[in-house]
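Subject: The structure for you to look at

Hi,

Here is the structure I promised to pass on. Have a look at it first, and then read on with the viewer open.

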Amino acid sequence: MISRSLIVTNKLGIHARPAGMIVDLTAQMKSNVTFIFEGTRANAKSILNVMMLAVPPRASLTIEIDGEDEEEAFSKLEQLFNDNFNEEPA
Amino acid sequence: MTISTKNQPNSSLPRYLINGLATSPGYAMGRVYKIAAKEFTIVEETITEEAVESELRLFRQTMEKTFKEITKIKESTLERVGQNEARIFDSHLMILKDPSLTLSIQQSVSKDHKSLRWSIHSSITALIQQFESIDSEMMRERALDLRDLYNRIFSILDEAAPTFSVGQFSEPVIFVGHELTPSILISIKSDNVLAFATDSGGRTSHASILARAMQVPSVSGLRNISALAHDGDMMIVDGTLGIIILNPNEDDIADYHNKQDKYRQQQRELFTMRQLEPMTRDGKFITLHANIELPQEAEKVQDFGATGIGLYRSEFLFFGNTLPTVEEQCEAYKHILNSLAPNPVTIRTLDAGGDKLVSEISISNEANPFMGWRSIRVCLDREDIFREQLKALLQANEKGNLRILLPMISGLPELRRSKELIKTCQAELEEEGITTPSVEVGIMIEVPAAVMQVEQLAKEADFFSIGTNDLIQFTLAVDRSNEMIADMFQPHHPAILNMIYNTVIAAHKEGIPVAVCGEMSADPFSILLLIGLGVDELSMTPWSIMEAKKIIRSINYEDVNEIALHALHYDDAACVDSFLHKRFAQAFADLGITSYVPAQKAK
């Protein structure tokens, strides 16, 4: 299992559209993916869960991934976060 | 609202006359059909161990049916309205498959032994409450999606899904509801609709846009009509004035028949006028173009006598939950361009911001959004989005009839940078093997600074389009939504007339045309001034074109030119208005011009 942090760098935080992009990605992964924000754990394969975290811009998020493709899953997520979900940076 | 005590024909039902917002013109009389918010009975029930299996089976079947139904609605939306509207249903599908919803329901059934109805009710209600408590407006709005889904799932469980099939009505009806949601609208067939009347919703709501596209009269903002009206009640809908009469009396009905006859006659005239040239009696030709909001409207504008599209507001493509792709944009633009070819089509690039928030781009907490991060400023900051739009536009321009219009230009650098980007996009497409025809690039004249620099701008733009709403608002420093000063929003203020005149002089010196695409272009008195000041093109809602044509064919350019040049030196708007009324009110009445309203009330 890996547990690392990522920072949300887009201007609007994780709203509906980035949440959809995250779930599109995690749904293809075999590993379990969990987002932890301010003590709340969320299944990153659920768009409802991810949206409900309401992660604001500049926040730091802990990501736990457990499974055979955990490294690949993390690097893909990292890429998505670094690209600001194709949105404007904060 | 007034309740009359007059005798009712064959009924003792009270007559109501309610003023609302005119959202689509025309007249209709018929029976009310209510689109009621459904109520579902739900009680907390415990089931036996043996029943779990069958409840879970019912659950899978229900979810499958719901998924199919939403997919069907999505497809029909795609076909009838557009890709953007169809996206609403994509997120519904994603939520429907979400494990945090499905697992919670399944566990409630299999572990807690609750009935399926109760499990669905409690799971979705809990989610709605959680969303409503989130401290972010964007997230709170998602609760609406969950409500829509809740209603749909229970409709399917109850097998009471609202189906508005052709066979269900023996005659077309007036649809009355609190608000018409996209999913309801999409399932209504146009043969069944006489009119729409709703409690809420504005001119840009889905219902209004669709009503105009379907050419069905519609009035919204009627506050409590959905509570007052009952199925089968008689109703008159006046979509031109924005009035409805519930349970009309004999006088109302006679009045309705009169108006309807006149309107039909106008419609017939429209057909005969279609072929006539919009030319003044002394032979000056004025181009009449249509403003449209939906790509689908493009097919019909020529029936109204428009010889092109003067303004397609592309931001309507961007109102969905996610940004449209290049392909989606290209398809929408191509539909409009090819429907009108070889006539010109002016497409305005994304004009987000101000009062038009685009969910993914806009910042909603600006202190002063009308003077904020909007329009061309957004486009030049978000070049990624702008370039995608430009590429889609260039690729859609197969027939070479595209004119690109840049909004809210306040200086030369914005025009130069945009033209540079267009060139770059064209070169990039060329590298991909796609050669695109050359395209005219014009600018909106709506910021006073652009008028002050209009001579330089005329040298570098291919055409001007005056956006009168913003130009008046910025020049007179009047926010017309503020009721305290709404009467100061004066289109005929000599300052405005001078700005328009200066724009025309500078444009004609460089040999480029000037269009007016704001609401002024459809006001009968304003038309006289605009033509008098030398404006070449007027662009307006399609149904205003016939009247404009009538006015143009009744006047001499030399007369209105003299009047307009005088008006430039009048003291104030009131002087201009009273002069115009004295001179033309009778002539307009003789022509049968019905739409004129005092200019300061024009909205």
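This is a predicted model: local features need pLDDT of at least 70, side-chain atom pairs count only at pLDDT 80 or more; totals for chains, interfaces and linings use all residues.

Of the 90 residues in chain A, 42% are buried. If you take the contacts in chain A with a separation of 6 or more, 73% of them join residues 24 or more positions apart.

Next, where do chains A and B meet? In total, 15 residues of chain A are in contact with 19 residues of chain B. On the side of chain A that touches chain B, α1 (16-26) and α2 (47-53) of chain A each supply at least two residues. The largest share, 5 residues, comes from α2(A). Sorted by class, the residues on this side of chain A are 7 nonpolar, 5 polar and 3 charged.

Now turn to chain B and find helix α21 (residues 557-567). Which of its residues are buried? They are B:V560, B:A564 and B:A567. Looking down the axis of α21(B), you will see these buried residues fall within an arc of 55°, so they line one face of the helix. The face turned away from that buried side carries the exposed residues B:E562 and B:H566. Among the elements that cover the buried residues of α21(B) are α18 (494-509), α19 (524-532) and α22 (573-591) of chain B.

After α19(B) comes B:G534, which has a positive phi near 100°.

α18(B) also has a partner in helix α17 (residues 468-475) of chain B. The axes of these two helices come within 10 Å and cross at roughly 125°, which makes α17(B) oblique to α18(B). Their crossing is right-handed. To find the contact, look for B:L471, B:I472 and B:T475 in α17(B), which meet B:A495, B:I496 and B:M499 in α18(B). This contact of α17(B) with α18(B) has 5 nonpolar residues, 1 polar and no charged ones.

Finally, some backbone details. Most residues other than glycine have a negative phi, and most peptide bonds are trans.

- The peptide bond from B:A341 to B:P342 is cis, with omega near 5°. B:P342 lies in the loop between α11 (326-340) and β12 (345-348) of chain B.
- B:H113 is not a glycine, yet its phi is positive, near 55°. B:H113 sits in the loop between α3 (99-110) and α4 (116-132) of chain B.
- B:M408 is not a glycine either, and has a positive phi of about 55°. You can find B:M408 in the loop between β13 (402-406) and α14 (412-431) of chain B. B:M408 counts as buried because there are 24 C-beta neighbours inside 10 Å.

Enjoy exploring!

Best wishes

Notes:
Residues are numbered from 1 along each chain as its sequence is written. Chains are lettered from A and ligands numbered from 1 in the order in which they are written. Two residues are in contact if their C-beta atoms, placed from the backbone, lie within 7 Å. Helices (H or I, at least four residues) and strands (E, at least two) are DSSP runs, numbered from the N terminus. Ala, Val, Leu, Ile, Met, Phe, Trp, Tyr, Cys and Pro count as nonpolar, Asp, Glu, Lys and Arg as charged, and the others, Gly among them, as polar. A residue is buried if 20 or more other C-beta atoms lie within 10 Å of its own, exposed if 12 or fewer, and partly exposed in between; C-beta atoms are placed from the backbone. The arc is that of the directions from the helix axis to the C-beta atoms. Axes are lines fitted to C-alpha atoms, for helices over the stretch in contact, and angles run from 0 to 180 degrees between N-to-C directions. Angles under 35 degrees count as roughly parallel, over 145 as roughly antiparallel, 65 to 115 as roughly perpendicular and the rest as oblique. A crossing is left-handed if the near helix is turned anticlockwise from the far one by less than a right angle, and right-handed if clockwise.
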